Amino acid sequence: MPQYALLTYHPGDPDWTAPDQADTMAEYGAFGAHAGDAIVGGAALFPTTTATSVRITGGPDGEVVVSDGPFAETKEVLGGLYLVEAADLDEAIEYAKRVPSSWHGTTEVRPLVPMPE
Amino acid sequence: MTDEVADAIDRVVRDEGRRVLATLVRTTGSLELAEEAVADATERALRHWPRHGVPDEPRAWLTTVARRRAIDLVRADSRRRNREAATMTDEPVPDDGADLLRLLFTCCHPALSVDRRVALALRTLCGLSTHEIAAALMVAEPTLARRLVRARRKIADARIPYRVPGDDELGDRLPALIQVVRLVFTEGHRATSGDELVRVDLCVEAIHLASLLVELFPRDTEVAGLWALLTAVHARARTRTDAAGDVVLLRDQDRSRWDHDVIALAEAGATDAWARAGDSPGPVLVEAAIAVLHATAPTYAATDWRAITELYELLDAATANPAVRCNRAVAVAEWAGPAAGLALLDEAPTRTPDHLWDAVRADLLTRLGRRDDAAVAYRAALASGPPPPERRLLERRLADLATG
């Protein structure tokens, strides 16, 4: 069955481990219960303040630059992702509508490139 | 062969072609493959039929040729790993009637940008070539070609399903179809000048699409409203511009040259839909009612401006479109005087981004004798870069201010 990534974007830079995110985490728990076996993977990410960017200029043997922070400063930040199985885009969208980022920020739905068997 | 016969054959090929395309998308599971196969079949039809006559069953002819082509394409290209296409046979496939509906909804899926929906609809539902679409939309051909390729890739890679939405989804999905048809019509309205060699009339294509929607959704009052609106507006097309290509305002149009037979049909359609819509006519139906009131009025002065104003009030409340407020102001000015119209504009929360707002204000100010203010408004309208026919009209009215 085809798979999609549901990328969750939230305004600000929420820390899912903090007590003030407990309500939102409960919402995510409800989504997990709803989608059940359709979810084949995923993760919650620590805030972008914990992110590190790695860039190498001019090819794999070039100069390595490691810096503090996400790849880009954006108003909504990537907070996590789900990998779901869905027959088609409409089904994936139905799942996305139940993901809390949809009403807090944005949920991006992207098809996964099928891996050769 | 006369132009008329050529046009008639063209029409049959296009009307049948889209049904064949729709069925082939279902049986092959691939819009790209189906399009290529049907393009080949229609090309052959346009070569073969003028010489040998249109077959008794044009759809069956096209379907057979297209299916054979699709099978050949699948066999020749091992990259076409689509399983349905690979197992296609020569057996006849019945059209279960819903294929065209599926194609319509797929082309207008919300996951496709509006530009992509319009391009795809013109390609698959109207059977226009990339060249014709690019010329009609006044977009560079490579840009249009890229747009179509990306739209098809999106449908394939994201797996936009080829299905008719459920009854509970129709409320959300049908307005998108209506919007695409309206956009096609608006584009047709815009392109009054342009490449004379391209014979495509997008207004006519839009009306064909609207007729198709009426056929597929016979009980929907917004769809009925769409058809009535487009036909009522198009019935006046001949008088919108003069021989020099300049804009002729409604008040100056020669009503004897309007197509009154069509207007009668539009009126009947709108009236019937209005009765069925009960307490809650949708915005497209309201616009249709306005267009019909204009089209059935014997003169500009004898137009039922009050009724039109009430309809615009309904529309203004339902949509946040400043163009509606503009048109409402014009209607109000006709029965309550220009000051009332102007007040409506001045109270409005937003104005239109284009020249319409300033042009309407300028006209109302002129009628109030406020020539200096009117001149400022005309200059503002000109500064927003209206298309050439509108620009010439505004320049003339500005010049008239000084002399009149």
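Okay, a bit of housekeeping. What we have is a predicted model, where local features need pLDDT of at least 70 and side-chain atom pairs count only at pLDDT 80 or more, while totals for chains, interfaces and linings use all residues. Residues are numbered from 1 along each chain as its sequence is written, chains are lettered from A and ligands numbered from 1 in the order in which they are written, and side-chain values use heavy atoms, with hydrogens and water left out.

So, chain A. You'll find three helices and six strands there; helices are DSSP runs of H or I with at least four residues, strands are runs of E with at least two, and both are numbered from the N terminus. Reading from the N terminus, the order is β-α-β-β-β-β-α-α-β. Along the principal axes, the C-alpha atoms fill a box of roughly 45 × 45 × 20 Å.

How much of chain A is buried? Of its 117 residues, 29% are. Buried here means under 20% relative accessible area, exposed means over 50%, and partly exposed is in between, using a 1.4 Å probe and protein chains only.

Now contacts, meaning heavy atoms within 4.5 Å. Take those in chain A with a separation of 6 or more: 72% of them come from residues 24 or more positions apart.

Which residues form a nonpolar patch on the surface? They are Val54(A), Ile56(A), Val64(A) and Val66(A), with about 360 Å² of accessible area together. Those areas come from the Shrake-Rupley method with a 1.4 Å probe, and for residues only the protein chains shown count as cover. Patch residues have over 30% relative accessible area and no salt bridge; nonpolar side chains (Val, Leu, Ile, Met, Phe, Trp, Tyr) are joined within 5 Å, like charges within 9 Å. A salt bridge, by the way, is a side-chain nitrogen of Lys or Arg within 4 Å of a carboxyl oxygen of Asp or Glu.

Strand 3 (52-57) and strand 4 (63-68) each supply at least two of the patch residues. Val54(A) sits in strand 3 and is exposed, at 57% relative accessible area. In the loop between those two strands you'll spot Gly62(A), partly exposed at 25%. Leaving out residues up to four places away in sequence, Gly62(A) touches Ile56(A) and Thr57(A).

Last, hop over to chain B. Arg19(B) lies in helix 1, residues 3-28. Is Arg19(B) buried or exposed? Buried, with a relative accessible area of 18%.
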